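Here is a short report on a two-chain model. Keep the sequence and the structure open beside it.

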There are 2 protein chains.
Amino acid sequence: MNVDQWMIEESFRNTFAMGFKIKKYLHSEQSQFQKIDVVETESVGRLLLLDGKTMVSDKDEFVYHEVVSHIPYMVSRQHKKVLIIGGGDGGVVREYVKHPDIERIDLVEIDERVIEVSKIYFPDCTSGLTDPRVRVLPQDGFAFIKKAKKEYDIIVIDSTDPVDFASGLFTDEFYHDVYEALTDEGIMMNQTENPFLDEWGIKNIYNNMRKVFPVVQSFTAPMLIYPGVYWTFGFSSKKYRATDLNPEKLNQMSSLQRSLKWYNMDWHKGCFSVSNFHKNMIGQE
Amino acid sequence: MNVDQWMIEESFRNTFAMGFKIKKYLHSEQSQFQKIDVVETESVGRLLLLDGKTMVSDKDEFVYHEVVSHIPYMVSRQHKKVLIIGGGDGGVVREYVKHPDIERIDLVEIDERVIEVSKIYFPDCTSGLTDPRVRVLPQDGFAFIKKAKKEYDIIVIDSTDPVDFASGLFTDEFYHDVYEALTDEGIMMNQTENPFLDEWGIKNIYNNMRKVFPVVQSFTAPMLIYPGVYWTFGFSSKKYRATDLNPEKLNQMSSLQRSLKWYNMDWHKGCFSVSNFHKNMIGQE
């Protein structure tokens with residue numbers, strides 16, 4: 001292996017690695033917050049990296065973006081206002097704008113450069129940002145959330161890993177602020193790491209969520225470019241359980257899901273029946 | 001990255017790679033059929049490789065071995081005789097011997113050296129091989145299956161990838177022989193590769209299974225050491241569908257599943273509700 005021809009991400013205290021053969025370097029810059037790179041790879045198409053960590057690829061972005069959007073949408077009985085913290089690539093917004101009854105989508109991304117770079121290299125992901133219901137707010141999500149009270153029906157934490165400036169997004173203090181920013185039946189959705197290689201991390205995240213939310217559930221979906229691929233997501237809710245789909249939306253989704261690449265309601269209902277391994281990691285009985 | 005300190009597997013025409021940092025080289029030999037290596041790694045413990053391909057690790061072996069055993073067991077109404085083709089590490093046998101009503105388990109592994117090496121380095125996996133119901137047959141599975149007629153209730157194809165001497169294990173001719181070797185309500189279980197990076201391969205495998213079996217279904221389970229981790233498995237059956245659990249075994253499994261690391265019946269029932277992506281790959285409506 002000639003390492004110069006590969007984009008290699010070492011993870012889990014440099015004991016595990018994944019690599020993507022590079023076709024071409026497309027972009028590299030140091031923003032105020034992080035290093036932003038885009039490479040064209042042989043196996044996953046265009047790949048966005050922040051501080052050397054894989055974030056978005058052409059090949060698998062649909063998985064993450066569909067699951068964190070359509071799962072909470074289908075459970076929520078009210079979804080006028082959606083907040084996305086992070087997610088500067090725009091992929092989550094693209095999925096939410098598919099639902100005509102959502103009135104406003106706020107995207108709070110701390111690093112405006114991620115949005116601008118994504119517009120150039122991931123135009124499909126950013127295609128929803130021009131929807132008139134979308135407000136793009138280049139602000140610190142941490143500060144933003146403290147000011148919002150009972151305002152959002154769904155909040156998606158589309159963050160990087162729990163290190164550096166994103167680490168605060170995995171604390172119970174932050175989850176408390178999210179809880180306060182949600183309406184009375186609100187739902188929080190977040191990515192919660194890979195349990196095979198970071199057992200301590202995932203247990204800590206779910207402990208923190210349980211301190212705040214009465215309903216905390218979890219599912220997995222594969223993220224081919226993330227370390228170890230097997231990725232968990234958290235569903236934290238004030239009232240409804242994750243498999244309690246909104247009966248008024250079944251017809252609408254029956255139609256929409258034909259055009260989706262990953263999500264369908266059968267998968268949604270099945271994915272919360274988790275393995276013993278997964279239960280153990282998240283402290284579920 | 002100093003590549004000499006890593007066990008790196010390049011896959012998908014050398015466009016994707018996974019690496020495990022090496023603590024120690026434990027074993028290396030060239031058998032009659034393949035190169036057999038065992039290394040101690042930082043992230044997944046002991047790791048067995050055949051011709052440089054990751055096969056079994058301490059960290060995740062329970063996932064594969066439990067799912068290919070307990071899923072067909074729980075669907076099958078009769079399971080006196082089980083055949084495992086490949087699987088020289090013994091992990092599948094270890095799971096089947098947990099069921100007292102199985103009368104015989106035949107393990108047909110072409111390479112006796114894999115079994116012997118596994119006994120030394122993976123003693124937990126091979127612990128079932130001394131069970132009096134187990135016959136270890138160091139033979140070519142291809143030839144063996146042609147002689148068996150309506151003999152086995154469950155057949156597990158625990159093979160390497162569809163290249164070289166294992167490639168025949170993914171053809172419709174072979175699936176036809178498996179069909180003939182199964183009893184009237186028999187079930188075949190096999191690993192069917194990663195659909196993200198080998199779309200053609202997986203479509204071909206499922207096409208071949210559908211030529212032979214009236215019921216063909218699929219589920220996924222993560223194999224942390226396999227290329228791309230997201231792994232599909234095939235459930236091919238003469239009669240029962242994969243979620244049609246044997247009502248007579250529910251109590252027995254309720255008790256056993258408390259001691260399993262991955263499998264539980266809720267997960268079993270949920271995992272066959274697959275994503276649109278997965279349906280598309282396997283040609284499921």
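## Model and domains

Domain bounds here come from an automatic or database domain assignment. The model is predicted. Chain A is split into domain 1, residues 3-57, and domain 2, residues 61-282. The C-alpha centres of domain 1 and domain 2 of chain A are 23 Å apart. Domain 1 of chain A puts 23 residues into the contact between them, and domain 2 of chain A puts in 22 residues.

Five strands of chain A each give at least two residues to the domain 1 side of this contact: E1 (6-11), E2, E3 (35-41), E4 (46-50) and E5 (53-57). By class, that side holds 13 nonpolar, 6 polar and 4 charged residues.

## How the two chains are related

Two copies of a chain are related by a rotation about an axis and a shift along it.

## The contact between the chains

Chain A and chain B each bring 40 residues to the contact. On the chain B side, strand E1 (6-11), strand E2 (16-30), helix H8 (265-271) and helix H9 (276-282) each supply at least two residues. E2(B) gives the most, with 6 residues. The side of chain B that touches chain A has 22 nonpolar, 10 polar and 8 charged residues.

Strand E2 of chain A (residues 16-30) also pairs with E2(B). The two strands run antiparallel and are joined by 5 bridges. Which residue stands opposite A:Met18 in E2(B)? It is B:Met18.

## Hairpins in chain B

Strand E3 of chain B (residues 35-41) runs antiparallel to E4(B), with 5 bridges between them. B:Val38 has B:Leu48 as its bridge partner in E4(B). The hairpin of E3(B) and E4(B) has 4 residues between the strands, and B:Gly45 takes a positive phi near 70° there.

E4(B), residues 46-50, is mostly covered, with 4 of its 5 residues buried. E4(B) also pairs with strand E5 of chain B (residues 53-57), antiparallel, over 4 bridges. B:Leu50 stands opposite B:Lys53 in E5(B). Here the hairpin has 2 residues between the strands, and B:Asp51 in the turn has a positive phi of about 50°.

## The E4-E5 hairpin in chain A

In chain A, 4 bridges join E4(A) to E5(A), and the strands run antiparallel. A:Leu50 is bridged to A:Lys53 in E5(A). The hairpin has 2 residues between the strands, with A:Asp51 at a positive phi near 50°.

Of the 5 residues of E5(A), 4 are buried, so E5(A) is largely enclosed by the rest of the structure.

Helix H1 of chain B covers residues 61-75. At 1.5 Å a residue, its 15 residues should span 21 Å. The end C-alpha atoms are 22 Å apart, which agrees. H1(B) is mostly covered, and 15 of its 15 residues are buried.

In chain A, H1 (residues 61-75) holds A:Val68. Is A:Val68 buried or exposed? A residue is buried if 20 or more other C-beta atoms lie within 10 Å of its own. A:Val68 has 27 of them, so it is buried. Leaving out residues up to four places away in sequence, A:Val68 touches A:Val92, A:Val156, A:Asp158, A:Met189 and A:Phe233. A:Val68 and A:Asn190 are 122 residues apart along the chain, yet their C-alpha atoms are separated by 7.4 Å.

A:Val229 is not a glycine, but has a positive phi of about 65°. A:Val229 sits in the loop between strand E11 (215-222) and strand E12 (230-237) of chain A. With 27 C-beta neighbours inside 10 Å, A:Val229 counts as buried.

B:Phe12 is not a glycine either, and has a positive phi of about 50°. The place of B:Phe12 is the loop between E1 and E2 of chain B. B:Phe12 has 17 C-beta neighbours inside 10 Å, so it counts as partly exposed.

Conventions:
Residues are numbered from 1 along each chain as its sequence is written. Chains are lettered from A and ligands numbered from 1 in the order in which they are written. This is a predicted model: local features need pLDDT of at least 70, side-chain atom pairs count only at pLDDT 80 or more; totals for chains, interfaces and linings use all residues. Two residues are in contact if their C-beta atoms, placed from the backbone, lie within 7 Å. Ala, Val, Leu, Ile, Met, Phe, Trp, Tyr, Cys and Pro count as nonpolar, Asp, Glu, Lys and Arg as charged, and the others, Gly among them, as polar. Two strands pair if DSSP finds at least two bridges between them. A residue is buried if 20 or more other C-beta atoms lie within 10 Å of its own, exposed if 12 or fewer, and partly exposed in between; C-beta atoms are placed from the backbone. The expected span of a helix is 1.5 Å times one less than its number of residues.
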